[in-house]
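Thanks for coming, everyone. Let me put the structure up, and then I'll walk you through a few places in it.

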Amino acid sequence: MSMKIFIPRDSAATAVGADEVARAIAQEAAAQKLSVQIIRNSSRGMFWLEPFVEVETPQGRVGYGPVSEKDVKALFKARFHEGKPHKLSVGLVEELPYLKNQERLTFARAGLTDPLSIDDYRAHGGYEGLAKALTLAGSAIVTEVTDSGLRGRGGAGFPTGLKWKTVHDARADQKYVCCNADEGDSGTFADRMVMEGDPFMLIEGMTIAALASGATKGFVYIRSEYPAAIATMKQAIIIAEAAGFLGQNIQGTDRSFRLEVRRGAGAYICGEETAMLESLEGKRGMVRAKPPIPALQGLFGKPTVINNVLSFAAVPFILAKGAATYKNYGMGRSHGTLPFQLAGNIKRGGLVEKAFGVTLGELVNDFGGGTASGKKVRAMQIGGPLGAYVPAAQLGMPMDYETFAANGAMVGHGGIVVFDSNVDMAAQARFAMEFCAIESCGKCTPCRIGSTRGMEVIDRITANEEREANLTLLEDLCQTMTDGSLCAMGGLTPMPVMSALKHFPEDFGAKKPRMKMAAE
Amino acid sequence: MSGKATLLDFTGKTADPALAICQKHGNRSDALLEILHDLQHEQGHVPEASLPVIAKALNLSRAEVYGVATFYHDFHFKPKAAHVIKICRAEACQSMGARELQAMAEKFLKVKLGETTADRQITLEATYCLGLCASSPAIMVDERPVARVDAKTFKAIVAGLK
Ligand SMILES: Cc1cc2nc3c(=O)[nH]c(=O)nc-3n(C[C@H](O)[C@H](O)[C@H](O)COP(=O)(O)O)c2cc1C
Ligand code: SF4
């Protein structure tokens, strides 16, 4: 019997040489006349170990990583293909605390399956949710999702069931389901991992949304920076159609749902849902005023369900295992799990799916192991480029929408970017303004112009030019952006700026309190 | 009458390459971004001369097509170098030295972001997040993402392109 060797095809693996490692392993196995089967699986989401090679043994899978091409000969010599010890071995993969201590409901298949094998998908619980949904009326599916407490994972945390109900109740000749896969936030990659690693899960979630709302046509809007996700989703759609899970007469029923992939074109603002709709209509990505809400007048003016990748991806589990099972995870009004993404200057970066309520410190220190540089954690930006900078003093905060909001921060899409003591927080604040200037759609003056003025004012503050007057000016400017912007691009850019200023005034040229004390 | 080169329009000139692409997308105006992507992939850039052709095929105004082509960072009217290297400038990469990597790359290639090297081999650009935020800093070399990049790997990548 041939041995099974798993090497991820995730971009985070191929970007550090997984293809080369796979080739070298195939060559060496051939040279040694060993019969091996190489499976390009999804990633476990332990990116410090990529390329992470796993070998099937009677005890379970044994992992090795990070493996480089030049390690391959030595690995064979140590008989890694039989799970034997080697300095790169991490032992039995399922026993690693990083994985064992997670609650992977959405990412249950991560690392286990071949992303494009629909048989693999079904063997690991795939399409159980759809099977259930096909026995239910649309309104009953909506109730199930509502009862699960699922809130939108794209950032705003809006109840998903409520959105679906609005579309379900709307009367129209055509309805749509659109997936927001623009994932523009730095520090996030969970959407990418779903699309590259478990594409049928997203398709299943969207199909259930279509059944619930009465939509027959859908789009996945994927950013162009994700070529592998685009290619994988396109292939998966073809495979799902051929297997009768998508397209005309799903599973022999009278229900139909057609799905198309559309590419973005490098505009961050197209992650905002109405700009995304404009883009899907082939137009400039300009934000629309609300109302009307997209659930009533969305794509081409028709009722449209718009959700983030992770929102759709949570749905198959909810249908298969029941709303109550999902709702039992979490704290307060944040139900279920969130796939957190540990990023930036962190020792063990990757995907950690945990129930809401886990603390920031547990994620960054216990899972993440602190910084990659070994220096002190100084700040974390949470929830993307529009999210607040949180100081290390707040590591005790539980991850929960309401707790974060009460502390002037946001959970957003669950990305946590760690910075060590080298960070210059004034430069980070300035970048927030610069990013807003680059990516503004241009509709509102405070966002379009204010962001450029913001950079200038921050420059003057750090240069100590009329410090007090410029600090007041920055505050005024931020208030104007908050109040006078149509969407959260201009409206939330003040969040990283003001949080940096509040928690790290010394980086903006303020006298350090310590120095003050010495002078006294 | 098959193939792009022999497709004739009524004036007898060779048809614009955009026509076949529009047709492939059913001349649907909502597919405009897809059409521009395909055209750019095929031609290396979006030829300005194609814009009125696309407008006519999709039943849009020229201004609408021009507006879309200029709104999105991806589309460009002028040809770029044989290879494009995009350096991620976003926060996660910043935390792992992206600013220093950018400075090194600019010095090494003797260009600023947005410029093309003297030998026209490489255009250096910025990008904002490649979704490799736990393996920073990251860059995109043509369509290939590369992560955990340092000066040494960057120089090796450049050498490999030439
Ligand atoms: C500037 C801006 C960028 C956004 N980017 C994204 C994004 O990349 N992905 C996403 O799902 N939502 C993004 N959103 C949020 C969407 O507007 C919308 O709330 C979300 O797609 C709804 O889906 P959900 O309820 O499942 O979260 C963004 C919002 C703003 C204001
Ligand atoms: S806040 Fe900025 S991005 Fe949002 S609509 Fe206004 S100009 Fe456009």
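Start at A:Pro291. It lies in the loop between helix 12 (273-280) and strand 9 (304-308) of chain A. Helices here are DSSP runs of H or I with at least four residues, strands are runs of E with at least two, and both are numbered from the N terminus. The bond joining A:Lys290 and A:Pro291 is a cis peptide bond, with omega about -5°.

Some ground rules. This is a predicted model: local features need pLDDT of at least 70, side-chain atom pairs count only at pLDDT 80 or more, and totals for chains, interfaces and linings use all residues. Residues are numbered from 1 along each chain as its sequence is written, chains are lettered from A and ligands numbered from 1 in the order in which they are written, and side-chain values use heavy atoms, with hydrogens and water left out.

A:Phe300 is not a glycine, yet its phi is positive, about 50°. The cut-offs: buried is under 20% relative accessible area, exposed is over 50%, partly exposed is in between, using a 1.4 Å probe and protein chains only.

Chain A has another cis bond to show you. It runs from A:Gly65 to A:Pro66, with omega near -10°. A:Pro66 is in the loop between strand 4 (60-64) and helix 3 (72-77) of chain A. For context, most residues other than glycine have a negative phi, and most peptide bonds are trans.

Next, A:Thr188. Look in the loop between strand 6 (176-181) and helix 9 (190-197) of chain A. A:Thr188 counts as buried, because its relative accessibility is 0%. A:Gly384 is 196 residues away along the chain, but the two C-alpha atoms are separated by 7.5 Å.

Now helix 20 of chain A, residues 467-484. Its 18 residues reach 25 Å from first C-alpha to last, close to the 26 Å expected at 1.5 Å a residue. That expected span is 1.5 Å times one less than the number of residues. Which residues of helix 20 of chain A are buried? A:Arg467, A:Asn470, A:Leu471, A:Leu474, A:Leu477, A:Cys478 and A:Met481. They cover an arc of only 125° around the axis, so they share the same side of helix 20 of chain A. The arc is taken over the directions from the helix axis to the C-beta atoms. On the other side, A:Glu468 and A:Asp483 are exposed.

Over to chain B. It has 7 helices and 4 strands. Of its 162 residues, 52% count as buried. Its C-alpha atoms fill a box of roughly 55 × 30 × 25 Å along the principal axes.

Take helix 7 of chain B, residues 151-161. B:Phe154, B:Ile157, B:Val158 and B:Leu161 are its buried residues. Seen down the axis, these fall within an arc of 100°, so they line one face of helix 7 of chain B. The face turned away carries the exposed residues B:Lys152, B:Ala159 and B:Gly160. In general, an α-helix has 3.6 residues a turn, so residues three or four places apart point the same way.

Last stop, B:Cys129. Find it in the loop between strand 2 (122-127) and strand 3 (139-141) of chain B. B:Cys129 has a positive phi too, near 85°. Its relative accessible area is 1%, so B:Cys129 is buried.
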